[in-house]
Amino acid sequence: MRIGSLKLESNLFLSPLAGYTNLPFRLVVRELGGVGLCTTDLVNARSLLEKNPKALKLIETRPADSPLAVQLFGSVPEEMRDAAQVLESLGTHSIDINMGCPVRKVCKVGGGSAMMTELEKTSALVRGMVAAVKIPVTAKMRLGWDDENLTAPDLARALEDAGVAAIFVHGRTREQGFGGTVNLAGIRKVVEAVKTIPIIGNGDITTPQAAKKMFDDTGCAGVSVGRGAFYDPWIFRRTLQYLNHPNEGLPSEPSFSERVRVMVRHLDLMIEVFGEPHGCRMFRKVAPWYARRFGPCHEFNKHVVKISSRAEFVDDNGELLPRFQPPPMVASFMRDEPAVAQRENIPVPKGPVEVW
Ligand SMILES: Cc1cc2nc3c(=O)[nH]c(=O)nc-3n(C[C@H](O)[C@H](O)[C@H](O)COP(=O)(O)O)c2cc1C
């Protein structure tokens, strides 16, 4: 797949998730394979030009974190243009413009979703950026402001004329926020609205089958995964395998020990990039995502939100300390086994027996 001059190894993308898609997570995803392009969290163009340390931290990267797109937001054309040039000079491979963020802080200054409502102004801003750099400039948008204003097809056409190399479409309106159903027919309309540039569909891709349906129903050229990648960082590799060999069925899920290995790798990268105390604090919100797939994880989560150092979590061999390990499952008739008492602490669902 190509985005302008940039050649990608797959048509699967990591969506920007502010606060999550930092360098450690991007490296984890890349090490597991299958992803074609990762994007940073959104970065304020003005902050970048002012060399604000927080903005600089957001664009921190390494050779292994490649190819990388940086997502910019802002509404002042000169600032967006200059920030694009700074990024190009730093070796960024592609620049994405945020036009979909519904957050007040971003819309208030005319960025994010607010850009979807002002077609001409937005086109002019994009033209200025495209003319200022050689690397591809892309845009990420929602379907529109609300159901009465599904502006994405018109905006996509205008942005194609303005020179963007690809468009990412989150199949929800600004009004929907992050809830409600992703509108695949709406994404299809955007695919049909443009002439040549690739449209990348986004929203609620949590399994390889969902990615396939996104491709099949919308005709999109690529699929971008956000929260689904946090839930399952293996999703890119498994999806690629599933799309390339559909007759072989779904690739198997990673084992428990593989999940632990990757989780600990994520912690180590957090510590490398942010230092131990801050890295551990950030890891507190990451670990529960891995634990969702561990089975009952209340005890794990209770302890992990308190860690301040690596040694409080794993031993020297990278093995989870006992309090983070799931208790062995023992049948109720093995009453003399101590683990029975622990098993009985696992809450069972309340509700009608016949639907369990
Ligand atoms: C916590 C969070 C942070 C996000 N941050 C950004 C962002 O910085 N830039 C952006 O364009 N979209 C952002 N999004 C939107 C996602 O990129 C994506 O479009 C949306 O979550 C739908 O995809 P998903 O269902 O795969 O997560 C964010 C979403 C969430 C939940």
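Figure 1. F283 belongs to helix α13 (residues 276-291) and F313 to the loop between α14 (298-304) and α15 (339-344), so the pair ties together parts that are 30 residues apart in sequence. Helices (H or I, at least four residues) and strands (E, at least two) are DSSP runs, numbered from the N terminus. F283 has a relative accessibility of 0% and counts as buried, and F313 is likewise buried, with a relative accessible area of 0%; buried means under 20% relative accessible area, exposed over 50% and partly exposed in between, computed with a 1.4 Å probe on protein chains only. F313 also pairs with F324, and because the ring centres are 4.8 Å apart and the planes stand at 70 degrees, this pair is edge-to-face. F313 and F324 both lie in the loop between α14 and α15, so their pair ties together parts that are eleven residues apart in sequence. Both F313 and F324 are buried.

The residues are numbered from 1 along each chain as its sequence is written. In this predicted model local features need pLDDT of at least 70 and side-chain atom pairs count only at pLDDT 80 or more, while totals for chains, interfaces and linings use all residues, and side-chain values use heavy atoms, with hydrogens and water left out.

**Figure 2. An aromatic cluster and two arginines placed over rings.** One aromatic cluster is formed by Y20, F25, F230 and W289. In another view, the charged end of R142 sits over the ring of F178, at 5.1 Å from the ring centre; a charge sits over a ring if NZ of Lys or CZ of Arg is within 6 Å of the ring centre and within 35 degrees of the ring normal. R293 lies over the face of Y231, and here the distance from the ring centre is 4.2 Å.

**Figure 3. Strand β4 and its parallel partners.** Of the eight residues of strand β4 (residues 37-44), seven are buried, so this strand is largely enclosed by the rest of the structure. Strand β3 (residues 12-14) pairs with β4 in the parallel sense over two bridges, two strands being paired if DSSP finds at least two bridges between them. L14 has C38 of β4 as its bridge partner. Strand β5 (residues 68-73) also runs parallel to β4, and five bridges join them, with F73 of β5 as the bridge partner of N44.

Figure 4. Eight of the eight residues of strand β7 (residues 137-144) are buried, so β7 is largely enclosed by the rest of the structure. Five bridges pair β7 with strand β6 (residues 94-99) in the parallel sense, and the bridge partner of I97 in β7 is A139. Six bridges pair β7, again in the parallel sense, with strand β8 (residues 166-173), where I167 stands opposite A139. From β7 the chain crosses through helix α7 (residues 152-162) to β8 in a right-handed β-α-β crossover, meaning that, with the strands pointing away from the viewer, the path from the first strand over the helix to the second runs clockwise.

**Figure 5. The surroundings of the ligand and the contacts of N202.** The ligand is surrounded by 17 residues, and the closest are P16, A18, Q71, N202 and D204; a residue is counted here if one of its heavy atoms lies within 4 Å of the molecule. A nitrogen atom of the ligand lies 2.8 Å from a backbone N or O atom of A18. A polar backbone atom of G226 is 2.8 Å from an oxygen atom of the ligand, and a polar side-chain atom of R227 lies 2.8 Å from an oxygen atom of the ligand. N202 is placed in strand β9 (residues 199-202) and, at 7% relative accessibility, counts as buried. The side chains of N202 and S15 are joined by a polar contact of 3.2 Å, a polar contact being a pair of N or O atoms within 3.5 Å, of which, within protein, one must be able to donate a hydrogen and the other to accept it, and residues adjacent in sequence count only if both atoms are side-chain atoms. The side chain of N202 also reaches the backbone oxygen of S224, at 3.0 Å.

Technical notes: Phe/Tyr/Trp six-rings, centres within 6.5 Å; stacked < 30°, edge-to-face > 60°.
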